[in-house]
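These are my notebook entries on a single structure.

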Amino acid sequence: MAEDMKQALKSYFQSKIEGADNLEIQNFKQPSGGWSDEAFIFDVHWSAKGQNRQKGFAVRKQKEGGFMPEMKNLYPQFKFLNLLSKICDLPVPGVHWYETDDSIIGGAFFVMDKLEGESYVPWSKEGQQFLKQAHDDGKIPYEFVELLAKLHCLDYQKAGFSNDFYVPEGVYDYIDKKLIETESLYYRYMMYPDPVMVDALEWLKANKPAAQRYSIIHNDYRTGNLLYENNKITGILDWENAEIGDPMVDVAYVCAKSNRMDSPFLCYLLDREMFFDTYSSLTGLTIDEKVIHYYEVFHQVRFVLISQSAGKAFATGQTKDLRMARQGYRWSLMRGMVAELLGY
């Protein structure tokens, strides 16, 4: 399988790099992630005009039967990164080509720059050891907050995002749109009528917060979606859910219990007070605990839906990935966290 993919990519890059001789794919690997889409990382070596050249690339390929597969479309992510990588100094990959021809590597994909560094599964023993050490050192926690603040302070209108992406207008426009989408997903993945989820959806409708302002948001900003090297964050990954929205969505996501479980640190890394104080000082935004609680409920409802979509994909044969079955079994845990947040 890996060798077939290497050969397919070799042929593809041969067609894309003009005048390339002796082209080879080296250091090929598939990261252990890939819950939503598949990723492949490698170096391309070639010669041109008598000179040897090398460049690192990554490929993101659409995966069949991942989380919420009906909503997957790689092209918006490609367009988003294409704009974002050109306007900021954040460690995000530049992009090169987007392809819809399934015959190339078996699905739609896009090519981007490879970022150096290692990723860690935050709930693994190795990941928790790394993040605990990083917490104690203090440099990575500050950089974690600083990068998020920089993202939220970017001028998305000047960068042209409003030409290609939906930009909310009124203070409730963003959350109104997200609640319609979330309720639709509830009915799509519903196994049976669930009073806890219905209660949560109605609570979300009744307690909507007004956005202080809108910004570029990542929508999955956590320690497991970053790369690290030499006590520094070297990459921000997984931009599939990025959009223009309320920045408190990202702040609350960092706080979400599902991203720290029993750890006393947010995302296994941050002291809550340090996070809030540093973020507020860097962005000028006020953090209201009620708004954070609101979006934590919102995220937890989405986590339930992710578990349901994963379980359904495995049960209906859309995927044979056993991780999807395992995630489906986490439905009751995710649902229990919704109930806890609602004060049951």
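I take helices (H or I, at least four residues) and strands (E, at least two) as DSSP runs, numbered from the N terminus. The model is predicted, so I required pLDDT of at least 70 for local features and 80 or more for side-chain atom pairs, while totals for chains, interfaces and linings use all residues. Residues are numbered from 1 along each chain as its sequence is written, and side-chain values use heavy atoms, with hydrogens and water left out.

**Entry 1: backbone**

Most residues other than glycine have a negative phi. I noted N27, in strand 1, with a positive phi near 55°. I also noted N22, placed in strand 1 (residues 21-29), with a positive phi of about 55° although N22 is not a glycine.

For accessibility I used a 1.4 Å probe on protein chains only: buried means under 20% relative accessible area, exposed over 50%, and partly exposed in between. N22 is exposed at 65%, and N27 is exposed at 53%.

**Entry 2: aromatic rings**

I paired rings of Phe, Tyr and Trp (its six-membered ring) if their centres lie within 6.5 Å; planes under 30 degrees apart count as stacked, over 60 as edge-to-face, and the rest as tilted. The count by this rule is 29 aromatic pairs. For F275 and Y279 I read a centre distance of 6.3 Å and a plane angle of 55°, so this pair is tilted. Both residues belong to helix 10 (residues 272-283), where they are four residues apart and therefore separated by about one helical turn. F275 is buried at 0% relative accessibility, and Y279 is buried, also with a value of 0%.

Ring pairs also join Y12, F13, F28, F40, F42, F57, W97 and F109 into a cluster.

I then searched for charges over rings, which requires NZ of Lys or CZ of Arg within 6 Å of the ring centre and within 35 degrees of the ring normal. K55 lies over the face of F57, 5.5 Å from the ring centre. The charged end of K79 sits over the ring of F165, at 5.5 Å from its centre.

I worked on a 1 Å grid over the protein atoms alone: a cavity is a set of points where a 1.4 Å probe fits but cannot get out, a pocket is an open set with protein on both sides within 12 Å along at least five of seven lines, and lining residues have an atom within 4 Å of a point. Grid points are joined across faces, edges and corners, and a volume is the space filled by probe spheres set on the points.

Searching the whole structure, I found one cavity of 30 Å³ or more. The largest cavity has a volume of about 40 Å³. Its lining consists of P122, W123, R222, T223, S258, N259, R260 and Y268.

T223 is buried at 2% relative accessibility. With contact meaning heavy atoms within 4.5 Å, and residues up to four places away in sequence not counted, T223 touches Y120, P122, L131, F144, Y228, C267 and L269.

The second largest pocket has a volume of about 160 Å³. Of its 13 lining residues, C255, K257, R260, E296 and L341 are the closest to its centre. Helix 13 gives the most to this lining, with three residues.
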